[in-house]
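Here is a short report for a first look. Please keep the sequence and the structure in view while reading.

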Protein chains: 2
Amino acid sequence: MSAIADVARLAGVAKATASRALSGRGYVSIETRAKVIAAARQIGYVASPNAASLVTGRTQSVGVIIPYISRWFFGEVLESLELALLEQGYDMTLYNLPPASPERDRVFEFFLARKRFDGIISVCVELSEQEVEHLHQLRRPLVGIGGPIRGVATIEIDDVAAARLATEHLLSLGHRDIVHVGGSQVDEMDFQVHSNRLRGFEAAMTAAGLPVSGCFYSSEFTTPGGYARGLAVLGDPRRRPTAIFAASDEIAFGLILAARELGIRVPTELSVIGIDGHPHAEMFRLTTLAQHPRMQGELAVRTLLAGLASGSSVGASAVLPTSLIIRSSTSAPRMLRGLGAQ
Amino acid sequence: MSAIADVARLAGVAKATASRALSGRGYVSIETRAKVIAAARQIGYVASPNAASLVTGRTQSVGVIIPYISRWFFGEVLESLELALLEQGYDMTLYNLPPASPERDRVFEFFLARKRFDGIISVCVELSEQEVEHLHQLRRPLVGIGGPIRGVATIEIDDVAAARLATEHLLSLGHRDIVHVGGSQVDEMDFQVHSNRLRGFEAAMTAAGLPVSGCFYSSEFTTPGGYARGLAVLGDPRRRPTAIFAASDEIAFGLILAARELGIRVPTELSVIGIDGHPHAEMFRLTTLAQHPRMQGELAVRTLLAGLASGSSVGASAVLPTSLIIRSSTSAPRMLRGLGAQ
DNA sequence: AGATTTCATGGAACCGGTTCCATGCCTGCC
DNA sequence: GGCAGGCATGGAACCGGTTCCATGAAATCT
């Protein structure tokens with residue numbers, strides 16, 4: 001409703017002066033500034049960033065592209081991004097881009113090209129060369145979460161190391177018959193998360209002198225996905241592993257539910273470890289390698305805004321820590337226990 | 001980068017003509033339009049809605065306020081809102097406003113007042129009189145999901161009826177000792193969902209001639225919340241109900257987990273029914289009263305855009321249907337079964 | 001054929017801010 | 001005392017679109 005011209009008129013100054021007083025740039029006397037601020041408050045004036053963006057090029061808004069909203073990791077990242085941006089006065093505009101979204105091209109060619117954003121944060125979206133090119137043409141800072149993009153600052157965890165640590169935890173307990181249930185490399189856009197976790201698993205197994213062939217089963221990254229896979233993998237008693245490394249906590253929950261349903265005791269007969277640090281892990285007593293999505297979100301915002309302030313396009317990438325949280329879904333395999341007890 | 005003036009120059013026409021050709025408003029000859037469109041494509045021109053919004057007042061952007069992102073219902077609503085808005089060319093800017101958010105006032109007084117949105121969708125946010133007033137002052141259409149706001153179109157389900165139906169399902173199976181586990185009215189902003197579901201429960205119980213005092217237990221609206229409450233409520237065998245009506249599927253999952261842990265068989269010894277239609281319900285074989293958050297999101301967008309087109313501020317409210325999905329978490333109580341078998 | 005419409009286009013104003021530039025005052029310094 | 005420089009302010013241009021208005025040509029009507 002009210003424009004800066006109204007504020008200026010009410011305060012008895014020129015538009016230019018009102019603008020300087022409110023934005024804090026340029027010379028304004030203390031009294032004038034007070035007058036202008038009082039006038040602005042009186043008529044409930046809030047500046048339109050759209051109008052300002054025309055001349056400054058700054059929109060006070062950031063675009064976020066993300067493949068899922070409901071899955072835990074993404075929900076957490078989103079909440080932390082929103083909060084961090086809000087604190088800095090930025091709006092967050094959200095584009096949900098699931099793997100095979102028909103809207104994908106339109107988002108890159110139309111929505112993101114509308115000069116609406118000061119920067120873009122891409123959360124675990126596997127970008128094609130062409131899409132990266134599109135984004136770079138916007139000449140805006142770009143930060144990735146969860147995986148590398150060419151020429152872009154990235155906030156991530158070391159998925160290979162995390163998977164390796166998780167697997168080594170099982171190995172150190174004495175397990176030799178270990179299976180990895182993780183994301184498929186073909187079905188979903190995986191942003192290298194799936195394959196990195198598989199590589200970490202294989203590295204740990206190989207280092208322990210164990211074979212890896214036939215030890216991987218794919219699953220949707222969800223609890224029902226893990227459950228379905230669990231029923232299949234654990235259904236045959238003769239070929240049952242003593243431990244499973246799940247690529248995510250949500251998969252692990254499903255595996256535990258399947259095991260319970262099949263009457264397999266966890267951890268006595270089956271150890272399960274996940275990756276994430278999901279809040280439900282406590283309830284399932286799940287041993288997990290916790291990552292910290294909120295930290296990743298906050299750091300991504302800091303990196304983006306730093307790039308914005310400095311004008312440099314590429315900020316510093318960061319690899320965030322993970323931590324092993326041992327609960328009671330993992331233990332030594334029964335066989336060994338028996339031996340130990342003798 | 002490129003502005004409409006560049007397009008006009010390249011096409012050899014005036015800015016005004018280029019604008020008309022691209023927007024499709026006003027008279028332009030077919031050949032001229034083709035020329036302009038070709039020129040625009042050639043230099044990769046995408047109009048800046050920010051610039052356009054200055055004169056048209058339309059921003060092609062909608063603000064959404066929502067208390068949670070991770071909880072299932074909200075995630076689903078969000079995904080459907082984003083998709084529906086995207087299809088219509090609108091951006092979705094997200095404000096996450098958990099119950100006791102310290103950012104709350106700033107969002108209403110600053111962020112939402114920036115003239116950035118053509119309309120606002122409020123998802124299950126309990127608004128104070130003052131906040132409603134603030135929103136109305138923006139003179140923009142406003143649509144609520146999940147509960148009534150004064151003078152605003154609302155998309156919702158009938159929570160009282162849904163709770164009543166769920167309870168009646170248990171009653172019709174022969175249960176008499178039924179407990180309701182739902183949200184607290186004090187702890188969280190509840191948008192009347194909690195109290196409405198409690199009212200529906202009490203209405204059904206009273207109609208069946210059963211007492212309601214002592215039959216309600218509060219819980220966080222999450223699986224761990226239901227789990228904790230389940231351990232407490234089901235822990236004492238002497239005071240154990242034969243059936244529980246959970247206010248959400250996520251609570252119900254927790255209750256089922258707690259029951260399993262206590263060695264209580266579902267549904268033989270305990271029936272559980274929820275509300276939601278959560279995708280995990282299949283895995284838990286949970287009987288539930290399904291609502292359809294995606295329908296609610298789509299309808300909210302349709303209502304908002306209709307209000308936008310017509311210029312009328314208040315659209316039509318709608319009450320969406322729910323459907324009872326019977327799985328095997330509910331059955332007749334054991335006692336009756338025994339009788340029936342005789 | 002002359003008078004209206006309808007169509008097509010260009011020029012210019014405008015939306016709401018920011019910023020450049022010019023102006024004038026006051027202070028400090030040589 | 002005159003001049004340079006810092007401070008405070010106003011006028012005007014500008015950002016990138018849309019739209020009003022004027023103009024002229026072609027089509028339609030009387």
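## Two copies and their axis

In this predicted model, chain B is superposed on chain A by a rotation of 180° with 0.1 Å of shift along the axis. The RMSD is 0.2 Å. The two copies are thus related as by a two-fold rotation axis. In chain B, the C-alpha of B:Thr93 is nearest the axis, 2.1 Å from it.

How do the copies meet? Of the interface residues of chain B, 100% are also interface residues in chain A, so the copies meet through the same surface.

## The sheet of chain B

Chain B has an open sheet of six strands. Their order is β7-β6-β8-β9-β10-β12, and the pairing is mixed. The edges are β7 (216-218) and β12 (323-325) of chain B, each of which pairs on one side only. On average, neighbouring strands of this sheet are turned by 20° against each other, direction ignored.

Helix α9 (residues 193-207) of chain B packs on the sheet. This helix touches β6, β7, β8 and β9 (271-276) of chain B. The direction of α9 makes about 170° with that of β6(B).

## Pairings within the sheet

Strand β6 (residues 178-182) and strand β8 (residues 243-246) of chain B pair in the parallel sense, over four bridges. Here B:Ile178 stands opposite B:Ala243 of β8(B). β9(B) and β10(B) also pair in the parallel sense over four bridges. B:Asp276 has B:Ala290 in β10(B) as its bridge partner.

β10(B) and β12(B) pair in the antiparallel sense, over three bridges. B:Leu289 has B:Leu324 in β12(B) as its bridge partner. Are the residues of β10 (287-290) of chain B buried or exposed? Both faces of this strand are covered. B:Thr287 and B:Leu289 on one side are buried, as are B:Thr288 and B:Ala290 on the other.

## Around DNA strand D

There are 29 residues around DNA strand D. A:Thr17, A:Tyr27, A:Thr32, B:Ile4 and B:Ser19 come nearest. Of the atoms of DNA strand D within 4 Å of the protein, sugar and phosphate account for 63%.

Helices α2 (15-23) and α4 (49-56) of chain A, and α2 (15-23) and α4 (49-56) of chain B, each supply at least two residues of the surface near DNA strand D. α4(B) gives the most, with five residues.

Key:
Residues are numbered from 1 along each chain as its sequence is written. Chains are lettered from A and ligands numbered from 1 in the order in which they are written. This is a predicted model: local features need pLDDT of at least 70, side-chain atom pairs count only at pLDDT 80 or more; totals for chains, interfaces and linings use all residues. Side-chain values use heavy atoms; hydrogens and water are left out. Two strands pair if DSSP finds at least two bridges between them. Axes are lines fitted to C-alpha atoms, for helices over the stretch in contact, and angles run from 0 to 180 degrees between N-to-C directions. Contact means heavy atoms within 4.5 Å. Copies are superposed by least squares on the C-alpha atoms of residues with pLDDT of at least 70 in both. Buried means under 20% relative accessible area, exposed over 50%, partly exposed in between (1.4 Å probe, protein chains only). A residue is near a molecule or strand if one of its heavy atoms lies within 4 Å of it.
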